[in-house]
Amino acid sequence: MELDTVIRGGLVVNADACVRADVGIVGEQVVALGESLPAARREIDARGKLVMPGGVDSHCHIEQVSSFGILCADDFHSATVSAAFGGTTTVIPFCAQHRGDHIPEVLSDYHRRAAEKAVIDYGFHLIVANPDEQTLATDLPAAIETGVRSFKIFMTYDRMRLQDEQILDVLMTARRHGALVMVHAENHGIISWLAGRMVGQGNVLPRYHAICHTRSSEAEAINRVIALAEVVDTPILIVHVSTIEGVAAIREARARGVKVYGETCPQYLFLTAKDIDRGLEGAMFCCSPPPRDEAAQQACWQGLKDGALAVYSSDHAPYRYDASGKLPKGEKTTFKEMANGVPGLELRLPLLFTNGVGSGRISLNEFVQLTATRHADLYGLARKGRIAPGCDADIALWDPDKRVTVDAALLHDNTGYTPYAGRELKGWPVMVFSRGECIIDQLGAPGEILAQRGRGRFIARERTDAVSPANRMIPEMAQLAAWGNAL
Ligand SMILES: [Zn+2]
């Protein structure tokens, strides 16, 4: 078989091993991994480079309208170009149902927009804000059939949050049909009560955002949703975990056999509440939950090391620092009115590489595990997240010695700023392949995106073991079952 491309002589890094090998590609797939592969039509000299699976970013907001009605700054083109330049080759953004929205229309709307613009492959999660009977009985099962195998629910935000009974309904539907439920876990009452008091007293600067989203609000909600998941024995994934208490709650539940997964994001490893405490400009660092302190950062690192936190995602939520995003009322905008979120699609991997691999906190294998492989395994992307025969040739060549000083002007998203400006990073993706096609080539000089708009493909995700129940009944449910009751 003649090879189309050989990536020759690099260090191939997978989640389980590092080997010095050539990677042979035919069409869209890796077909061979070995020493001295035969000559190909295209030869890539990867000596001195790391050859890693393209990142999978399973938490990012693209061309999404928030519950405040604000459209985020990136469309499917700018977001996927930005992801690709940062070494990510698959994204799983959200289709967002708002109350009153009909789910089939929501899905087809996002599908249409992504199909026209995406330059890398993508799946979808579905945000469920209105779990009425039609949604539960018909629309969610139908979405799962099409490969949208994960739902996101919110425990806070006025227009998004679900009551405990509604959460149980969604969990039960997910259990029956094999979907993973992602949870934004914060106690709504604590946050809105504190925020109301602060705004009432005229304390409206971004720094109050960090105060009102207390550590306890995250801890309470994580513990509560774990308890709900245990009632129906349904796997859940807690997104953007930010606190010592949150990481500990997940670790403890996992230790007693609950199938709960955790996620953290760059903002919880690399920012703190001090970044928010800089007057109105603190808005550029505001997200929910907010960055905390050094001790919380350490807890998140520890969670990534020991498995309490399974994945590291960007939670890219791009809003410009102007009236279209962060400052709808200009300088009079209160922290309750600003759009929440920070950009991170492009810097997710370089930040972790410098501060994780570069500092010796994590190995190269753990880097790949946390940024790609485990996302593919949890969310059912069988051909992504590893470099192996039969997998899609989604590959990033990294120059481990390339130094970059972060500057918003270098990045490809539409946010217009980055919370990480001025940071010195070492290690950068210099060539990126998506399904065998070279879409970025900066081995020599900086280059433009080589991919056509719309070349990215929707991936219908498969059922994985991650969504199988743990077969672990709490005593009360066992009693109900023993008495012959079904739910
Ligand atoms: Zn998010």
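## Helix packing and selected residues in a predicted model

Helix 4 (residues 164-177) and helix 7 (residues 215-232) pack with their axes 9 Å apart, at an angle of about 45°. Axes here are lines fitted to C-alpha atoms, for helices over the stretch in contact, and angles run from 0 to 180 degrees between N-to-C directions. Helix 4 and helix 7 are therefore oblique to each other. In this description, angles under 35 degrees count as roughly parallel, over 145 as roughly antiparallel, 65 to 115 as roughly perpendicular, and the rest as oblique.

The structure is a predicted model, in which local features need pLDDT of at least 70 and side-chain atom pairs count only at pLDDT 80 or more, while totals for chains, interfaces and linings use all residues. Residues are numbered from 1 along each chain as its sequence is written.

### Helix 4 and helix 7

The crossing in which helix 4 passes helix 7 is right-handed. A crossing is right-handed if the near helix is turned clockwise from the far one by less than a right angle, and left-handed if anticlockwise. Helix 4 contributes Asp164, Ile167, Leu168, Leu171, Met172 and Arg175 to the contact, and helix 7 contributes Val225, Leu228, Ala229, Val231 and Val232. Two residues are in contact if their C-beta atoms, placed from the backbone, lie within 7 Å. By class, this contact of helix 4 with helix 7 holds nine nonpolar residues, two charged ones and no polar ones. Ala, Val, Leu, Ile, Met, Phe, Trp, Tyr, Cys and Pro count as nonpolar, Asp, Glu, Lys and Arg as charged, and the others, Gly among them, as polar.

### Two further helix pairs

Helix 2 (residues 103-117) and helix 3 (residues 133-145) have axes that come within 10 Å and cross at roughly 25°. That makes helix 2 roughly parallel to helix 3. The crossing of helix 2 past helix 3 is right-handed. Ile103, Pro104 and Leu107 of helix 2 meet Thr135, Asp139 and Ala143 of helix 3. The residues of this contact of helix 2 with helix 3 divide into four nonpolar, one polar and one charged.

Helix 12 (residues 348-357) packs against helix 13 (residues 364-379) at an angle of about 150°, and their axes are 10 Å apart. That makes helix 12 roughly antiparallel to helix 13. Their crossing is right-handed. On the side of helix 12 the contact is made by Leu349, Leu352, Phe353, Gly356 and Val357, and on the side of helix 13 by Leu364, Phe367 and Thr371. Six nonpolar and two polar residues, with no charged ones, make up the contact of helix 12 with helix 13.

### The protein as a whole

The protein has 14 helices and 17 strands. Helices (H or I, at least four residues) and strands (E, at least two) are DSSP runs, numbered from the N terminus. The radius of gyration of the protein is 22 Å, close to the 23 Å that the globule rule gives for 487 residues, so the protein is as compact as a globular protein of that length. The radius of gyration is taken over C-alpha atoms, and the globule rule is 2.2 Å times the number of residues to the power 0.38. Along the principal axes, the C-alpha atoms fill a box of roughly 65 × 60 × 40 Å. Of the 487 residues, 54% count as buried. A residue is buried if 20 or more other C-beta atoms lie within 10 Å of its own, exposed if 12 or fewer, and partly exposed in between, with C-beta atoms placed from the backbone. Among contacts with a separation of 6 or more, 77% are between residues 24 or more positions apart.

### Individual residues

His184 lies in strand 11 (residues 180-184). With 22 C-beta neighbours inside 10 Å, His184 counts as buried. Leaving aside neighbours within four places in sequence, His184 is in contact with Lys152, Phe154, Met155, Thr156 and Val239.

Finally, a cis peptide bond joins Ser288 and Pro289, with omega about -10°. Pro289 is found in the loop between helix 10 (273-276) and helix 11 (294-306).
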